[in-house]
Amino acid sequence: EICYHPSMATDDVLKVIEPRFGSAQLAYGRYRSESLPGFGGRTAMQLVAANRAPEVLKYFDAVDAGSYA
């Protein structure tokens, strides 16, 4: 089980989401440039910088579970 802590850094988040995208390069591209639905147009990178890493990881978990299309 992953511990979602607000002080998680970029590297921590990328380690968790990389398997979802198949490569570190694809994961970083998504993390850096694609806005996440429901977060006011902010990217995962912006959210992590605002100490919202747990929300980013929970979002990706919800996507994996089929909660978001």
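**Close-ups of a predicted model**

**View 1. A loop residue, Asn51.** Look for Asn51 in the loop between α3 and α4; helices here are DSSP runs (H or I, at least four residues), numbered from the N terminus. Asn51 isn't a glycine, yet its phi is positive, about 60°. Its relative accessible area is 53%, so Asn51 is exposed (exposed means over 50%, buried under 20%, with a 1.4 Å probe and protein chains only). This is a predicted model, where local features need pLDDT of at least 70 and side-chain atom pairs count only at pLDDT 80 or more, while totals for chains, interfaces and linings use all residues. Residues are numbered from 1 along each chain as its sequence is written, and side-chain values use heavy atoms, leaving out hydrogens and water.

**View 2. Helices α1 and α4 packed together.** Helix α1 (residues 10-21) and helix α4 (residues 53-64) pack at about 20°, with axes 11 Å apart; the axes are lines fitted to C-alpha atoms over the stretch in contact, and angles run from 0 to 180 degrees between N-to-C directions. That makes the pair roughly parallel (angles under 35 degrees). On the α1 side, the contact (heavy atoms within 4.5 Å) uses Val13, Val16, Ile17, Arg20 and Phe21. On the α4 side, Ala53, Val56, Leu57, Phe60, Asp61 and Asp64 join in.

**View 3. The largest nonpolar core.** This core has 17 residues; a nonpolar core is a set of buried Ala, Val, Leu, Ile, Met, Phe, Trp, Tyr and Cys residues joined through side-chain atoms within 4.5 Å. Its largest share, five residues, comes from α4. Val13, Ile17, Tyr31, Leu36 and Val56 have the most contacts inside the core.

Note on methods:
Helices (H or I, at least four residues) and strands (E, at least two) are DSSP runs, numbered from the N terminus. Angles under 35 degrees count as roughly parallel, over 145 as roughly antiparallel, 65 to 115 as roughly perpendicular and the rest as oblique.
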